[in-house]
Amino acid sequence: MKEGFRQSMAWLHTWAGLILGWVLFFMFVTGTAGYFDTEIDRWMQPELPVAQHDTPAVDVAAMGVSLLREEAPGAARWVIAMPIDRNDPYPRRFWQGADTESGAIAANGNERFDASSGEPFSARATGGGQHLYRMHWRLHYLPRSLSDWLIGLATMFMLVAITSGIIIHKKIFKDFFTFRPGKGQRSWLDAHNVLSVLALPFHVMITYSGLIFMAFAYMPLVIAATYGTGPEARQTMIQEVFSLPVVERSGEPASLTALGPLIDTAEERWGPGVLRHVDIHHPGDRNAYIILRASHAQGPVRSGEELHFDGVSGELIDTIPAITSAPNAAWTVLLGLHEGLFAGPVLRWLYFLSGILGTGMVGTGLVLWTVKRRQQAERRASGSHRGLVLVERLNPGMVAGLLTAVAAYFWANRLLPVEFAQREAWEVHSMFLTWFMLLILSVARPPARSWPEQFALAAVAFALLPVLNLFTSDRHLGRSLPAGDWPLAGFDLTVLGLGLVCAWVSYRLVVRQRSKLKHRRNVTTPTPGRASGAESSS
Amino acid sequence: MTDMLQEQPGVGIGARLCRAWHSPALGIASRVIAAIVGGFALANLGAILLAVLLPMARGEAVVTGVLASFAIYTAAVIWVFAARSAVRAWLGILGAAAICALVTWLLIGALQ
Amino acid sequence: MIESLFIISAFGMAIAGMVGLSLTKERHFRLALPLSTANTGRQRALFWGSWLLLLLSALPSILGWGSGSGLTGWFAVLTVAALFPVVLLSYAPQWLSGLGWTGLALGLVALAAATVSRLTFLP
């Protein structure tokens, strides 16, 4: 540890990156897919109609309230979300604390409904893009208490890896554009550097903001020291920082005010298509309280102005601006930048691409670790490198195998019978089973074979998805393209593109492997062996 | 320091203990704990200090502190692995934590 | 439509800037323009011109995406633009200077067109 600052940082970078590297890779893959969550949703429920953005807010609110009256009587809160942008193609209603004894279908719920009929949709059960995206911070099969801390730890490791990575990268500006292909370890290092440095603003933003989502949980002592312990202290803090109203139920019934005039007030102020939530606290009570919330996707600030009304008289009580203070703004901007809800088509693709660069950064980092160690190990040519061999053999399954597993999630969506009761759960099981089997395959095969094989599998699994769509729905490319149905056509074209990229990678790996073998044979005529082969390549 | 010890082969139990204390594995383990646990404590204490110190509404100061806490954590980890020895790493973390705690305590006392 | 023109302009300028910046490194210059010689004055002009273009590309980003998203978009544009010289230097260095000029022309033309139409259709 006395070899100097840079060397200890290199050590730190290597181990901080590697130890949770696979978790980070999983987070990057599923998180990147999450930038197209609603588009994936749509592909996974092709029987649903195209997005219903043009429905007037007044009509949506009326439909929502009449549904909620039936489904969630006595609820503490009803919310109707408007389909104003790509983040919400259909209206949604959700409720909390409904009274199941007086006929509520569930205490809490969150369901979309059809803006043309005002009825709930009937479509296949699926986790959709939402579940895929949720995995990047929620993982799967793990209790929340464990996954939160694992994710937090991985993200913190990432932050440390980024920081130490910047410190050890001596020629960060000089080597900004440098990529020298076909040179073994050198090329992997170049690729890792380029992927990390070019998208550095994204990597720093996504990592730091990722921690902010659960920051109060991760830094528990701060609230304990300033507000005291217990859930009430936390509640007080949240109310102070994010200015939520505290209204208690009176127990005295009173009829809810008409929503129309309230919505008119909001639309006059914000213009059409900006009202996002009609949030009704204690509907049917004397103390009913209504919050109309403007879109939180108009820019990186992930909050909108709020209008607070008395829920019985309909009187405007309060107007809360989108930003209440500078720290509050920094907070919401970080969350907004992370989620990218405000991104239109071009910016959304740039987000997706940045996510791919991040995925590549983690992936090349994982490979680089093994390439470096393999070289050292072959130079020494003695001793056991069981850890190295294990990582070398797991990597193809972990990296390329995960891609195939994600494709398997989509395959399961179409192949599991619609009437199958647990299909939603089995979509995810299919994904993890596929990943698990590919890991076994990966461990069983030599890495030089395993990499191209795994990528070839991923290529087939992705590239055939549009064909699967052709046979299992009537919204295939032949229909979606002429109709300009971009969420669906975009999904098909994107997975096709991903399949082609995977095929290209697989092909390149085979070509390189062949040329390496030829090179090796030419150089080592007298004593063919691993050690001499390594000498020839170094 | 480690070099010196390696030059003199250990004789007594004291020397052996001393060598174990300076073994690289133990040094790394100790640093890892200093980084993860010590850094975590320091990040929390630093955030609390900011929350108390900053002349803003309580909620805003708390948010600022929490926002900064992860940068403090990262800096602490970097320090731990940059320090010349594990003992120095620990001293740095504990020293900074003590200063944060002391200033916070004095400020809270002064405010009451 | 006008917004798209601004975004195209941002990409053009950023690509030109990144190509120019990559050419300030001697090895890259020799790869991309084996027939020209890199003198110091020229390299210096290339360096400052490229930085200027990169900074200037923030303008059409903000005009195209609006103030808040524009800054986010600008960072993303810079990232994507930098990928071009990286890939071309490895696989087709002879196209690099051509791409730079195309980017510059596209950036300026699109910016001019967008500005003119914005001024014309101003409510």
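1. A salt bridge is here a side-chain nitrogen of Lys or Arg within 4 Å of a carboxyl oxygen of Asp or Glu. Between chain A and chain C the count is one salt bridge. Asp175(A) forms a salt bridge with Lys25(C), and their closest N and O atoms are 3.5 Å apart.

2. On the basis of the note: this is a predicted model, in which local features need pLDDT of at least 70 and side-chain atom pairs count only at pLDDT 80 or more, while totals for chains, interfaces and linings use all residues. Residues are numbered from 1 along each chain as its sequence is written, chains are lettered from A and ligands numbered from 1 in the order in which they are written, and side-chain values use heavy atoms, with hydrogens and water left out.

3. On the extent of the interface: 23 residues of chain A are in contact (heavy atoms within 4.5 Å) with 25 residues of chain C. The buried area, meaning the accessible area (1.4 Å probe) that two parts lose on being put together, summed over both, is about 1900 Å² between chain A and chain C, and carbon and sulfur atoms give 78% of it. Phe177(A), Leu198(A) and Leu350(A) supply 34% of the area that chain A buries against chain C, more than any other three residues.

4. On the aromatic pairs: rings of Phe, Tyr and Trp (its six-membered ring) pair if their centres lie within 6.5 Å; planes under 30 degrees apart count as stacked, over 60 as edge-to-face and the rest as tilted. The structure holds 26 such aromatic pairs over all chains. Phe26(A) and Phe432(A) form a tilted pair, at 6.1 Å centre to centre and 35° between the planes. This pair links distant parts of chain A, with Phe26(A) in helix 2 (residues 21-34) and Phe432(A) in helix 16 (residues 423-444), 406 residues apart; helices are DSSP runs (H or I, at least four residues), numbered from the N terminus.

5. Ring pairs link Phe26(A), Tyr141(A), Phe432(A) and Trp435(A) into a cluster.

Conventions: Helices (H or I, at least four residues) and strands (E, at least two) are DSSP runs, numbered from the N terminus.
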